[in-house]
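Here is a short report for a reader who has not seen this structure before. Please look over the sequence and the model first.

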Amino acid sequence: MKPYELSIAQAQAMMDKGEMSAVELTGSCLDRIDEVDQEIHAFITIDREGALAQAEAADRQRKAGTAGKLCGIPLSIKDLLSTKGMRTTCGSKILANYIPPYDATVVARLKKEDAVILGKVTMDEFAMGSTSETCAFGVPRNPWKKGYVAGGSSGGSAASVAAYECFASLGSDTGGSIRQPASLCGVVGLKPTYGRVSRYGLTAFASSLDQVGPICRTVEDCALMMNVISGYDKRDSTAVRQDVPDYTSSLVPGLKGVRVGVPKEYFTAGLDREVEAIVRNSIEVMKGQGAEIVEVSLPHTEYCVAVYYLIAPSEASSNLARYDGVHYGYRNLEADTLLEMYKRSRSEGFGAEVKRRILIGTYALSSGYYDAYYKKASQVRTLILNDFKKAFQSCDLLISPVTPTAAWPMGENTDDPLAVYMSDILTISANLAGVPGMSVPGGFTASGLPVGVQLQGAHFQEEVLLKAGFNLEQGLRLGRGKLDIS
Amino acid sequence: MKITKKEVLHVAHLARLTLSDEELEKMTGQLDNILSYFDKLKKLDTADIPATSHVFSVSNAFREDEVHESLPREEALRNCARQDGETFQVPRII
């Protein structure tokens, strides 16, 4: 087994015993990146020297007995989290040369625990997309089948972890952007409860929906990452003051006493048969582990896509107003007037999907349309939130597919944005309701593509998801499978 | 038609975006399609339903008004496309 193939927990144990150094481990990942990234296109920026310097520092910390919780573990970071001194593009031409002067809180927390940051990974421009194909700096490929999408918007995060280029990655999830690529790439992805993790330094897309979370190869690694990134932050006024448990303590065998809800609206027309079979099999596995299976209803599920594609673009149109070319980011230097400078800088800097969403949002918030669109969507959001509250009275977690299908070939539906929006139907309600959601590998299709199973919990019930995910992982014993990497 | 080219151009102006003729053509059709899809929300009676803008009822997050170190000017100006070492420079507005 190569060092880069280990889990975080295994690598930590080896380094603690002195069988391997952080420099060796980091070198192993950098070599792997050299070997495969020209096929996978996960990375936008690779910081070799910085990573090796961090690894040397980690080795010194370990020797001194002051090792942090992620000491010497090489990670990748979605390119919309601020990294001090390291280019942060958000996958957009408008930030092609932007070098942040500060670290996002989650990045600072990783560094404080002596993690090694290898670089920044590809994503849909400003996290707007479901395939990462709108990235201006390369499109990640699905490591299981290279002509297929890695998912999005955290496609580079999921692909880099699945291809063993790093041990874990931080992604962000506004409507499924952690869970969906994790599902399509066969890795574990967790979107925490809104407010569980600080958004300071996360480039804002839709502020009432955005949340940072980990993408890892195992549920245990996911718990280890959550232990570090969670918690209150005075710099994010929506971060919640609530103690952070030791998430690894929920990784215990057996699901006796756990009520697993099956939302019937998530198993309707349009759901691929192989995907459904994989989820049904996971339900049986959990039943065998002692879980009680109950049918539940989330009656407003069919409205989620419409609500989401009003609220998210509305918030985005406001958040992205800051890209005016004045203080940072791309500026058209030929414009003679300020208005022309704004318009040309933005029009030349933003890609088509970002412009489309800014236009939808600006329209929905404009005078005369606000009540019919934005306000209406916010009211229906209340109904969706109430659906979840009611469902969690009769169960502890919900199990469902993450996406209606496995990964699809690149280049599909690029002229039909609504068709792509519809594929988000099973993930966006968690963001609208603010509840945690997780994707755990559930199996493979006949053609060898991975399929994830989604677990959703009540607010701040990440521990229940990790426990169920851990049991599912142990019960399924999927094995490694074969990646499409030469 | 939910939205006309003229309306798309107006919204683009509000958002400080310009669209080429080709972009306008394509965007108008796509936006029309997307806005039509939103009609399904009209089926729901929401007259007495409060709006949710935030999933938790957060009150203001106050903090002490203390002086902290701020970003050095050089750092703040570093990413600006046109600056003179002291200020951000933009085209003349008056």
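## Where the two chains meet

52 residues of chain A are in contact with 41 residues of chain B, where contact means C-beta atoms, placed from the backbone, within 7 Å. Five elements of chain A give two or more residues each to the side that touches chain B: α9 (304–319), α10 (338–349), α11 (352–365), α12 (371–394) and α13 (417–422). α12(A) gives the most, with eleven residues. By class, this side of chain A has 27 nonpolar, 15 polar and ten charged residues. Nonpolar covers Ala, Val, Leu, Ile, Met, Phe, Trp, Tyr, Cys and Pro; charged covers Asp, Glu, Lys and Arg; the others, Gly among them, are polar.

This is a predicted model, in which local features need pLDDT of at least 70, side-chain atom pairs count only at pLDDT 80 or more, and totals for chains, interfaces and linings use all residues. Residues are numbered from 1 along each chain as its sequence is written, while chains are lettered from A and ligands numbered from 1 in the order in which they are written.

## Chain A as a whole

Chain A has 15 helices and 13 strands. These are DSSP runs numbered from the N terminus: H or I of at least four residues for helices, E of at least two for strands. The C-alpha trace spans about 65 × 55 × 45 Å along its principal axes.

Buried residues make up 62% of the 486 residues in chain A. Buried means 20 or more other C-beta atoms within 10 Å of a residue's own. Among contacts in chain A between residues at least 6 apart in sequence, 75% join residues at least 24 apart.

## The core

The largest nonpolar core has 168 residues. Such a core is a set of buried Ala, Val, Leu, Ile, Met, Phe, Trp, Tyr and Cys residues joined through C-beta atoms within 7 Å. L75(A), V116(A), V307(A), L310(A) and L359(A) touch the most other members. α9(A) gives the most to this core, with ten residues. L359(A) also reaches the other chain: it touches V8(B), V11(B), A12(B), A15(B), M27(B) and L31(B).

## A helix pair

Helices α7 (residues 219–229) and α15 (residues 462–476) of chain A pack at about 155°, with axes 9 Å apart. Axes are lines fitted to C-alpha atoms over the stretch in contact, and angles run from 0 to 180 degrees between N-to-C directions. That makes α7(A) roughly antiparallel to α15(A), a label for angles over 145 degrees. V219(A), E220(A), C222(A), A223(A) and M226(A) meet E462(A), L466(A), G469(A), F470(A) and E473(A).

V260(A) lies in strand β9 (residues 259–263). D103(A) lies in the loop between β2 (74–78) and α4 (105–112). The table gives their neighbour counts.

| Residue | C-beta neighbours inside 10 Å | Class |
|---|---|---|
| V260(A) | 22 | buried |
| D103(A) | 21 | buried |

Leaving out residues up to four places away in sequence, V260(A) touches M286(A), A291(A), E292(A), I293(A), C395(A), L397(A) and I399(A). On that basis D103(A) touches S82(A), T83(A), K84(A), A108(A), K111(A) and G201(A).

Note on methods: Contact = placed C-beta atoms within 7 Å. Buried ≥ 20, exposed ≤ 12 C-beta atoms within 10 Å, placed from the backbone. Parallel < 35°, antiparallel > 145°, perpendicular 65-115°, else oblique.
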